[in-house]
Amino acid sequence: MQLLCLGISYQNAEVSVREKFAISNKRIIEHQQEFKTITDGGDFVILSTCNRVEYYIYSQVSLTDLFNRLISYWQEQGIWHETNKELFYQLEGSQVSQHLCSVLSGMDSMVLGETEIVKQVKDAYHFCLEQKFTGKELNQLFQKSFSIGKKIRTQTQIQTGQVSVGSVAVDLAAKIFGELSEQKIMIIGAGDNSRVTAQSLMSRGAKSVIVSNRSYDKAVDLAEHLGGSAIRFDDWEETLAQVDIIISSTGSPHFVVEPAHIEKVRKQRKYKELCIIDLAIPRDVDPQVTEFSEVYLYDMDTLSQLADKGKEHRQKQLIKAQAIIHEAFDIKPKQAPNQQSSPDSLAASNFNTL
Amino acid sequence: MVLTFIIILLATIGSVIHWNLATNNKRSLVSLVIVIGVFVLSTYQIYQRGQIAQQCPINTVQELLSFISWAILLFYLVIGRVYRVSFLGLLTLPAVVLFEVLGLLPSLQLAFPSADRAVNPILEWHVFLLLLAYGALGQAALAGVLFLQLHRVLKKSNFSNRLFSQMPPIGRLSEAIKRLLWLGFGLLTIGIILGFKLDYAADSFKFYLACGTWVSYLILIIVDKVRGFPLKLMSIWVLALYILNLILLVSI
């Protein structure tokens, strides 16, 4: 009997391939007999997220046999193609434990250090536990991995710092206002950049969004999508007095927001703080607006630099994280001659493919 | 005197620990425990002095400074926790060290002429409330310092500042400054009203100073309420007024 893991992830497979192998809880229940047969009555936990599908198994079946049995199963489901074989990683023994710890700590995530994966793994594990698909060894594996994953997150800074422009913008807004639930956002220019940033703000509690765009229809579309309201492009200046956060991303070749616009509404706003996120290139907002002490302006350059720093910072945490995993499983890290452990090499060799 | 040195030592250790934790992006209950410890010792110091003088210990500038630092600690423990600006502790303990060390200057340990007065509850309440007001206004000034630092970081986009991630949001600091301002102003008002019931022949300058302080904070509050005040300007005013008042209080 041994621990085995078979999986496919964003690292090797495009979403069009991954989505074929995605499996819902309902489907797992419907096919539980097949999985019990495939594993010879062994224990299993199936993790299926948008970025990976993994089978964690404790069984007497060998890794090769297990893969072949799963291939047969997928062939019956009509989802298997011969080219898929090279996309799967196959792990056994302590590699499974290490891999699961990497997954839980966010080391193996598309966004390094992201936290959503913890809930996803816990949900998958608890579902299989409730359905009695797991056993003592898999329970121990997952419990220990949850603990190590948590240790990595608390003892390293793998999840600190933001890595996308949207999340950096949200962090800055939160540093100015604290709670975003009472802040009003105005979007000038209903493009993708604005939409993504506004969605990030709303995911952190912002509720009130006003969208302004040269094309009123596009403004209405985006406003509906975000649960806000739309105004005509000519009316954005009048709305300036009421908002706390401005996200600007028009295609205008000249400045849209100028110091005169801010000066006009300062007293009306009672000099309340105003956060302006300028995502446009060329810039929409005249940098002179920062002369007003209550105005905080961040352009694409600043946000991108911060996001890059965030990524760099998280990358540096990989070495510490790997050391925690090695310590937990009493593993001496293998090093080829003249090879130094670097974050990049660790990230690339995060799992071993047989 | 021994107690004063213990307070200075503990507050210094607490300051170092708190700074260390803050610059390493860590939190610990140890710093809060030390603040509470310094507060308890300060309370005992005031009590002890009161027992010796058999009246409220407000007879030297050193005693006034100790009282003010006690009040600053009190308002940190109340406001800091309530408004989740516990980061203010980073500045509170150094302020306590500063006040207690200043109080060791020999010239500040000379008794006021009024020290030989008969015990007067109205006088003692008057001074106590004014000192409490100085504590609240002092904590507002510290919040102002914190805001100015955060404002500078946000304006210059210099996010490599090691304290940045732990600093409370501007919105919370703004709320804390304004509430402390109102609280301090309210206490000042009651204290001054009580002062009008007293004969201030010997110490009239201190009373006029308190009245001047009251007027200056009143202007600040009215302007903010009626027309609004950029927070940067308000923080500078709050800090400047407080430093000016302290200098005048200490130098008379």
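# Close-up views of a predicted two-chain model

**View 1. Helices α5 and α6 of chain A cross at roughly 130°.** In this predicted model, the axes of α5 (residues 94-104) and α6 (residues 116-130) of chain A come within 8 Å. From α5(A), the contact takes A:Leu100, A:Val103 and A:Leu104. From α6(A), it takes A:Ile117, A:Val118 and A:Val121. Six of the contact residues are nonpolar; none is polar and none is charged.

**View 2. Helices α8 and α13 of chain A cross at roughly 100°.** Here the axes of α8 (residues 165-177) and α13 (residues 300-328) come within 9 Å. The angle makes α8(A) roughly perpendicular to α13(A). On the α8(A) side sit A:Val165, A:Val168, A:Ala169 and A:Leu172. They meet A:Met300, A:Leu303, A:Ser304, A:Leu306 and A:Ala307 of α13(A). By class, this contact has eight nonpolar residues, one polar residue and no charged residue. Two packed helices are described by the angle between their axes and the distance between the axes.

**View 3. A:Gln98 in helix α5 of chain A.** What does A:Gln98 touch beyond residues up to four places away in sequence? The partners are A:Ile325, A:His326, A:Phe329 and A:Ile331. A:Ile148 is 50 residues from A:Gln98 in sequence. In space, the C-alpha atoms of A:Gln98 and A:Ile148 are 9.8 Å apart.

**View 4. A:Asp40 and its salt bridge to A:Arg69.** The closest N and O atoms of this pair are 3.0 Å apart. Over all chains, the structure holds 13 salt bridges. The backbone of A:Asp40 also deserves a look. A:Asp40 is not a glycine, yet its phi is positive, about 55°.

**View 5. A cis peptide bond from A:Ile281 to A:Pro282.** Omega for this bond is near 0°. A:Pro282 lies in the loop between β9 (274-278) and β10 (295-299) of chain A. Most residues other than glycine have a negative phi, and most peptide bonds are trans.

**View 6. The interface of chain B and chain A.** Contact involves 24 residues of chain B and 21 residues of chain A. The area buried between the chains is about 1,700 Å². Carbon and sulfur atoms give 55% of that area. In chain B, B:Leu154, B:Lys155 and B:Arg227 lose the most area to chain A. Together they account for 28% of what the chain B side buries.

**View 7. Polar contacts and helices at the interface of chain B and chain A.** How many salt bridges link chain B and chain A? The count is zero. Polar contacts are found across the interface in 11 residue pairs, with both residues at pLDDT 80 or more. In chain B, α5 (121-156), α6 (170-195), α7 (204-226) and α8 (231-251) each supply at least two residues of the side that touches chain A. Which of the helices of chain B gives the most to this side? That is α5(B), with five residues. The residues of the chain B side divide into 12 nonpolar, six polar and six charged.

Key
Residues numbered from 1 in each chain as written. Chains lettered and ligands numbered in written order. Predicted model: local features only at pLDDT ≥ 70, side-chain atom pairs only at ≥ 80, totals over all residues. Heavy atoms only, no water. Axes fitted to C-alpha atoms, helices over the stretch in contact; angles between N-to-C directions. Helix = DSSP H or I, 4+ residues; strand = E, 2+ residues; numbered from the N terminus. Contact = heavy atoms within 4.5 Å. Nonpolar A, V, L, I, M, F, W, Y, C, P; charged D, E, K, R; others polar. Buried area = accessible area lost by both parts, 1.4 Å probe. Salt bridge = Lys/Arg side-chain N within 4 Å of Asp/Glu carboxyl O. Polar contact = N/O pair within 3.5 Å; in protein donor to acceptor, adjacent residues only side chain to side chain. Parallel < 35°, antiparallel > 145°, perpendicular 65-115°, else oblique.
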